[in-house]
Amino acid sequence: MKEFQETLYDSIAQCFRIDKMYFEHKTEHQHLMIFHNAFLGRVMTLDGIVQTTEKDEFIYHEMMAHVPILAHGHARRVLIIGGGDGAMLREVSRHRAIESIVMVEIDAEVIEMAKQHLPRHSAGAFTDPRLQLVISDGMEFVRGAESGQFDVIISDSTDPIGPGEVLFSEDFYGQCKRILAPGGVMATQNGVPFFQLDELIQTRERMGRHFADQSFYSAAVPTYYGGIMAFGWGSDDPGLRQVDEQTLQQRFREAGLETRYYTPQIHRASFALPAWVQDALDGYGQ
Ligand code: SAM
């Protein structure tokens, strides 16, 4: 029986049995695999790193979409960087008050293969009339985008390896800050602190130079091995991180969302970081 062994770390690895291979190919940018595992359902990997599984993707996509949008409170224009599997687009598009969604993905083949072999991820979201889909490097896109045009930016990137590396640069965060409207919020995929603490500290330093309030929130996504994963957070108003539960409840109700992980209580609690993570960050400003 063939197995997938993740190559994200040198000294440890998680391994999934491959019960059926749907697609394996070197695209223009990265090595893409989509296979079936009896427990996890369909799994997508890029460059040997788990990107998403049908079993637990709801945790990651609900938390990365609904926390910034419901914290913002009146988001109308959302930018998604990456997210080629389409699940982030699916969750963002559930907010009917949003008027436009721009999604910038570097690898068209990821989108095409995900549509074909991971259909439940996008669940038809790519046909949403509010969507403007751009095939481009996210860094190039934000560099050329007009200032102040987005209310929420979600960087649903790979790890800072290969094409994803530029999405963790100070220049990227600075450009994203420039194209956010006043009151805007940015959320980023920021790895698993237990194994990638340096990534968290690097984001604190780099994002912190451009956002008055830089922090993190978290959720445990089982196949992002190693405990809680961190979501980078940037805004100019600390209050956006501390929206009260009653307001979140009202916004959640008005949005009419049915979720399997996100709740207003978990939203608020997710900004509480373990002491060892907070201590590691305290040495780096904010
Ligand atoms: N949820 C996953 C995670 O946490 O690792 C990430 C999901 S999604 C598959 C990551 C996407 O980022 C991929 O579709 C990849 O092609 C895209 N990507 C990587 N580098 C990029 C770049 N520089 N610009 C735009 N998209 C990029």
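A: Happy to! Let's start with D213, which is buried, because its relative accessible area is 5%. Keep in mind that this is a predicted model.

Q: Which residue does the side chain of D213 meet in a salt bridge?

A: That would be R241, with an N to O distance of 2.7 Å. D213 sits in strand β12 and R241 in the loop between β13 and α8, so the pair ties together parts that are 28 residues apart in sequence.

Q: What about the accessibility of E170? And of R209?

A: E170 counts as partly exposed at 28% relative accessibility. R209 is exposed, and its relative accessible area is 53%.

Q: What does K177 pair with?

A: K177 forms a salt bridge with D236, and the closest N and O atoms are 2.7 Å apart. This pair links distant parts of the chain, with K177 in helix α6 and D236 in the loop between β13 (228-235) and α8, 59 residues apart. K177 counts as partly exposed at 25% relative accessibility, and D236 counts as partly exposed at 43%.

Q: Which residues are linked in a network of salt bridges?

A: E57, R90, E91 and R94 are.

Q: What lines the largest cavity?

A: Its lining has 40 residues, and Q51, D156, S157, T158 and D159 lie nearest the centre. At least two lining residues each come from β5 (41-46), β6 (49-53), α1, β7 (77-82) and β8 (100-105). The largest share, four residues, is from β6.

Q: How does that lining divide by residue type?

A: The lining of the largest cavity has 17 nonpolar, 17 polar and six charged residues.

Q: And how much space lies in the largest pocket?

A: About 240 Å³. The largest pocket has 13 lining residues, with G73, H95, A97, R251 and A255 nearest its centre. The elements giving two or more residues to this lining are α1 (57-72) and α8 (245-255).

Q: Which element gives the largest share of the pocket lining?

A: That's α8, with three residues. By type, the lining of the largest pocket divides into six nonpolar, three polar and four charged residues.

Q: On to the backbone. Where does D47 lie, and what is its phi?

A: D47 is in the loop between β5 and β6. Its phi is near 50°, a positive value in a residue other than glycine. Most residues other than glycine have a negative phi.

Q: What about A123?

A: A123 has a positive phi too, of about 45°, although it is not a glycine. You'll find A123 in the loop between α4 (119-122) and β9 (131-135). This residue is exposed, with a relative accessible area of 54%.

Q: Last topic: which residues form a nonpolar patch on the surface?

A: F194, F195, Y225 and W276 do, with about 410 Å² of accessible area together. F194 is found in helix α7 (residues 193-208).

Q: Why does F194 count as exposed?

A: Because its relative accessible area is 58%, and the cut-off for exposed is over 50%.

Q: One more pair for my distance list: how far apart are R96 and V142?

A: They are 46 residues apart in sequence and 25 Å apart in space, C-alpha to C-alpha. R96 is found in the loop between α2 (87-92) and β8, and counts as exposed at 62% relative accessibility.

Terms used:
Residues are numbered from 1 along each chain as its sequence is written. This is a predicted model: local features need pLDDT of at least 70, side-chain atom pairs count only at pLDDT 80 or more; totals for chains, interfaces and linings use all residues. Side-chain values use heavy atoms; hydrogens and water are left out. Patches are made of residues with over 30% relative accessible area and no salt bridge: like charges are joined within 9 Å, nonpolar side chains (Val, Leu, Ile, Met, Phe, Trp, Tyr) within 5 Å. Accessible areas come from the Shrake-Rupley method with a 1.4 Å probe; for residues, only the protein chains shown count as cover. A salt bridge is a side-chain nitrogen of Lys or Arg within 4 Å of a carboxyl oxygen of Asp or Glu. Buried means under 20% relative accessible area, exposed over 50%, partly exposed in between (1.4 Å probe, protein chains only). On a 1 Å grid over the protein atoms alone, a cavity is a set of points where a 1.4 Å probe fits but cannot get out, and a pocket is an open set with protein on both sides within 12 Å along at least five of seven lines; lining residues have an atom within 4 Å of a point. Grid points are joined across faces, edges and corners, and a volume is the space filled by probe spheres set on the points. Ala, Val, Leu, Ile, Met, Phe, Trp, Tyr, Cys and Pro count as nonpolar, Asp, Glu, Lys and Arg as charged, and the others, Gly among them, as polar.
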